[in-house]
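Hi,

Could you have a look at the structure below when you get a minute?

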Amino acid sequence: MTERTNLTEVLLGPADAAEAVALSAEAGWNQTVDDWALMLEFGAGFGRRDRYGRLVATALTLPYPPFAWIAMVLVTKTWQRRGLATELLRTCIDDAERSGLVAGLDATPAGTLVYRPLGFEAVYGLTRMRAETVAPIKTIAGPVRAMTEADLDTVLAFDRKLFGAERSGVLRHLFGRQPGHAFLAEVSGTVSGYVLAREGREATQIGPLAAPDESTACALVGAALADLKGAVYLDVGDRHTSLLSWLDDHGFAPQRPYTRMIMGRAKPYDDAASQYAIAGPELG
Ligand SMILES: CC(C)(COP(=O)(O)OP(=O)(O)OC[C@H]1O[C@@H](n2cnc3c(N)ncnc32)[C@H](O)[C@@H]1OP(=O)(O)O)[C@@H](O)C(=O)NCCC(=O)NCCS
């Protein structure tokens, strides 16, 4: 019997969240136990345990009709390059296809090497921007106000159109994490943009950030960043050069690239021109 056959296939649930954080932390990722619990509650989690019961590999799908979002593809260092990510991806793709959903994901550079041969195509590039400490922000003029619980249904309907898929449960959860840093843009009573924030293992993540233009995007992100302490991440679409240079002026620097990829399709589902920062590679 080879060492490889000693692995056990397991389904993961919210109770596995604390253990799964160890795997994402090993890769230097930002997810907390709350993030994992959210994804394992809303989605379907797949894993491999070694003969000692340790979790050594994971992947999950989040149902975002019309597509399935694949996330948290992780293999511990000692088990890499033995086909585990490919195997788990195949399970995720089968799971998506059984539900009639198209698989999509945001890939790290290492991830793209696994996903391309499986039929994923690149849709657009993203850059993770990180600030250790955000530089002081002058108030930015814009049609921006604090988001309240009463705004949620309207914001969720706005996001459905812009993101091209249904992810209300996830966004409701994110709003609940940091409601004081959630803002919306509104013109004549109509929502034209919004921003959410959540705490991470090592930095606050700002996103999604949607806006009708660059100046409103900067006004929203400026509002979300006010009074925020510590390190911050934003995952910004590469086309949004004005926002990227605004972030550069406020203490952010590029940390790593991501590629949005969709199975068998090189065209985005979302309105990429209005989607300035994503919710994070794990949430789309
Ligand atoms: C990326 C990752 C999930 C790959 O897991 P894995 O189980 O080693 O991947 P596989 O064994 O299925 O690799 C399949 C193929 O992808 C390519 N590949 C995978 N990792 C690679 C690497 N680090 N460098 C070059 N090619 C790589 C190879 O072509 C490999 O086939 P081969 O080993 O026969 O040459 C793993 O390295 C990891 O957890 N990295 C850190 C987290 C991460 O970036 N996850 C991806 C999120 S999108």
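First, the housekeeping. This is a predicted model, so bear in mind that local features need pLDDT of at least 70 and side-chain atom pairs count only at pLDDT 80 or more, while totals for chains, interfaces and linings use all residues. Residues are numbered from 1 along each chain as its sequence is written. Helices (H or I, at least four residues) and strands (E, at least two) are DSSP runs, numbered from the N terminus.

**The ligand site**

The ligand is surrounded by 17 residues, and the closest are Gln80, Ala85, Thr86, Thr108 and Gly111. Helix 4 gives the most, with four residues.

By class, the shell has 10 nonpolar, five polar and two charged residues. For the classes, Ala, Val, Leu, Ile, Met, Phe, Trp, Tyr, Cys and Pro count as nonpolar, Asp, Glu, Lys and Arg as charged, and the others, Gly among them, as polar.

**Helix on helix**

Some conventions for this part. Axes are lines fitted to C-alpha atoms, for helices over the stretch in contact, and angles run from 0 to 180 degrees between N-to-C directions. Angles under 35 degrees count as roughly parallel, over 145 as roughly antiparallel, 65 to 115 as roughly perpendicular and the rest as oblique. A crossing is left-handed if the near helix is turned anticlockwise from the far one by less than a right angle, and right-handed if clockwise. Two residues are in contact if their C-beta atoms, placed from the backbone, lie within 7 Å.

Start with helix 1 and helix 2 (residues 33-42): their axes come within 8 Å and cross at roughly 115°, so the two are roughly perpendicular to each other. The crossing is right-handed. Helix 1 brings Ala17, Ala18, Ala20 and Val21 to the contact, and helix 2 brings Val33, Trp36, Ala37 and Leu40. That makes eight nonpolar residues, no polar and no charged.

Next, helix 5 (residues 152-163) and helix 6 (residues 168-177) have axes that come within 10 Å and cross at roughly 130°, so this pair is oblique. Helix 5 passes helix 6 in a right-handed crossing. On the helix 5 side you'll find Leu152, Leu156 and Asp159, which meet Ser168, Leu171, Arg172 and Phe175 in helix 6. The class count for this contact is four nonpolar, one polar and two charged residues.

Finally, the axes of helix 7 (residues 214-225) and helix 8 (residues 241-249) come within 9 Å, crossing at roughly 35°, and this crossing is right-handed. Glu214, Ala217 and Cys218 in helix 7 meet Ser242, Leu243 and Trp246 in helix 8. Here the count is four nonpolar, one polar and one charged.

**Two residues of helix 1**

Ser24 lies in helix 1 and counts as partly exposed because it has 19 C-beta neighbours inside 10 Å. The cut-offs are 20 or more other C-beta atoms within 10 Å for buried, 12 or fewer for exposed, and partly exposed in between, with C-beta atoms placed from the backbone. Leaving out residues up to four places away in sequence, Ser24 touches Trp29, Gln31, Met72 and Leu74.

Glu26 is also placed in helix 1 (residues 17-26). With 12 other C-beta atoms within 10 Å, Glu26 is exposed.

Most residues other than glycine have a negative phi, and most peptide bonds are trans. These are worth a look with that in mind.

- Pro65 and Pro66 are joined by a cis peptide bond, with omega about 15°; Pro66 is in the loop between strand 3 (55-64) and strand 4.
- Gly207 and Pro208 are joined by a cis peptide bond too, with omega about 0°; Pro208 is in strand 10 (residues 204-210).
- Arg81, not a glycine, has a positive phi of about 65°. Arg81 sits in the loop between strand 4 and helix 3 and is exposed, with 8 other C-beta atoms within 10 Å.
- Asp227 has a positive phi near 65°. Its place is the loop between helix 7 and strand 11 (232-237), and Asp227 is exposed, with 9 other C-beta atoms within 10 Å.

Cheers

Definitions and conventions: Near = placed C-beta within 6 Å.
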